[in-house]
Amino acid sequence: MSDAHMPPAHPFDDDKLREECGVFGLIGSADAANFVALGLHALQHRGQEAGGIVSYEPSQGFNSARRFGYVRDNFTSQSLMQTLPGSLAIGHVRYSTSGSKGPTQIRDVQPFFGEFSMGGAAIAHNGNITNADALRRELIERGSIFQSSSDSECIIHLMARSLQRDIPSRMEDALRRVEGAFSVVAMTRTKLIGVRDPLGVRPLVLGRVGDAWALASETCALDIIGAEYVREIEPGEMVVINEKDGVQSHRPFRPQRPRFCIFEHVYFSRPDSIIGSRSVYETRRQIGVELAKEAPVDADLVCPVPDSGTPAAIGFAHQSGIPYGMGIVRNQYMGRTFIEPTEQIRNMGVRLKLNVNRALIEGKRVILVDDSVVRGTTSRKIKEMILDAGAAEVHFRIASPPTAWPCFYGVDTPQREKLLAATMSEDEMREHLQVDSLRFISLDGLYRAVGEAKGRDAASPQYCDACFSGEYPVEPSDQIEKGFQLKTAAE
Ligand code: SF4
């Protein structure tokens, strides 16, 4: 894939955690694949490397198309979309699965398809299976032949080995063997199926448009097709939808206390999405309010690191009474129009993507609000830009707690030793970044911002927050086998 096909997901996308997938499915409307393409387009922030759609039409059977690059560059072609007929379709956008870092092969692009004695099925998976290595070994020993390096393909092989008589029951069997995080959208010839893991780590929502039903990673994907948001798929729930009977709900797993990914609120989800009944934008604004209460500082200007720091900066400014201003302006077209042809230009790095609004910054004590610090490389560059523009002081305020642990549940994270917060205290990070002050929101403050008035329940946390706390709600068994060390009592 050329650089021209890589989108500017975030100005420092090499220094951010990245969501790895988005899923979408629709049943009950002619040309379902066109709706799926639109839904995937709205979910492009969850994965920009590749996308795929599978559709079913009775006279033509299953059809699929899988492509590298943006949805809009592939699934807007009339000639391609005509090959995906039918009133039932699912799709997937991916960044990269944890099983296959590095260059993706087209065979790793979902949805995956399996042919069973009772008919075909296609599945699209958002999340990560934490026992995929062990499952793959077992399945290969028992004769399965894998076609991709994706952990998600295990689900198809486990379904093939199930003795159940219908596909939803086989899927239940398969998913009971799987550990980790999964929001799955699947289809048979007549059914659209949605499943969330028992902890509900990754999101999945149900929508309705006319007589059709839709499943999507986020509500913003329902909005784009004019669908009404009906509800979330509950943690541990499987919905089976057909055109005649509508939505039927099953509970295939042992009930557990949900542990939704709290980072969806902070960064991954689009700000115009709704999680539960909460607006993501409003939650992020509230994080800024909490941050201003926890870590006030005397300054002249609150400035977001665009775009993901914007709602928290607005909340911070509101709470502190310090004026808000766009001290940094993002070049929206970077990445698509400019391929950094020379070393000299490549070294300009952040300046290609962001520019400082000198007239606003000069002589001011500036509070910079960002969503997270991962490696810290770009935070330092931004600070330099702000100082070069004549700022008197630079104070960082971060809308998430220090990211000190990797995620194994479907988010791309650097290895632990590359995470700044894994090796430095907050004070050491401030010195390393050479800023006048650096403060992160506390875990309790973040929990309050997402609506937990009493903060985090330490005995039984209400969310997954493993990348901050090191407390993994599902043991990452494959990683432990590879040498990953869980948090010790001393840490
Ligand atoms: S470890 Fe962090 S990013 Fe991963 S699911 Fe948990 S909260 Fe989300």
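This briefing describes the domains, the ligand site and some backbone features of one protein structure. The structure is a predicted model, in which local features need pLDDT of at least 70 and side-chain atom pairs count only at pLDDT 80 or more, while totals for chains, interfaces and linings use all residues. Residues are numbered from 1 along each chain as its sequence is written, and side-chain values use heavy atoms, with hydrogens and water left out.

**Domains**

- The protein is divided into domain 1 (18-258) and domain 2 (281-332 + 340-453), with bounds that come from an automatic or database domain assignment.
- The centres of domain 1 and domain 2, taken over C-alpha atoms, are separated by 35 Å.
- Eleven residues of domain 1 are in contact with five residues of domain 2, where contact means heavy atoms within 4.5 Å.
- Between them, domain 1 and domain 2 bury about 670 Å², 50% of it on carbon and sulfur atoms; buried area is the accessible area (1.4 Å probe) that two parts lose on being put together, summed over both.

**Ligand site**

- The ligand has 13 residues around it, of which Arg202, Cys261, Cys407, Cys464 and Cys467 come nearest; a residue is near a molecule if one of its heavy atoms lies within 4 Å of it.
- By class, this shell holds eleven nonpolar, no polar and two charged residues, with Ala, Val, Leu, Ile, Met, Phe, Trp, Tyr, Cys and Pro counted as nonpolar, Asp, Glu, Lys and Arg as charged, and the others, Gly among them, as polar.
- Helix 8 (262-268) and helix 18 (466-469) each supply at least two residues of the shell, and the largest share, three residues, comes from helix 8; helices (H or I, at least four residues) and strands (E, at least two) are DSSP runs, numbered from the N terminus.

**Backbone features in loops**

- A cis peptide bond with omega of about 5° joins Gln110 and Pro111, and Pro111 is found in the loop between strand 5 (88-94) and strand 6 (112-116).
- The peptide bond from Pro306 to Asp307 is also cis, with omega near -10°, and Asp307 lies in the loop between strand 18 (301-304) and helix 10 (310-320).
- Asp31 has a positive phi of about 55° although it is not a glycine, and its place is in the loop between strand 2 (21-27) and helix 1 (32-42).

**Surroundings of Ala392**

- Ala392 lies in the loop between helix 14 (377-388) and strand 22 (393-398), and touches Gly363, Lys364 and Arg365, not counting residues up to four places away in sequence.
- Ala392 and Val178 are 214 residues apart in sequence and, C-alpha to C-alpha, 54 Å apart in space.
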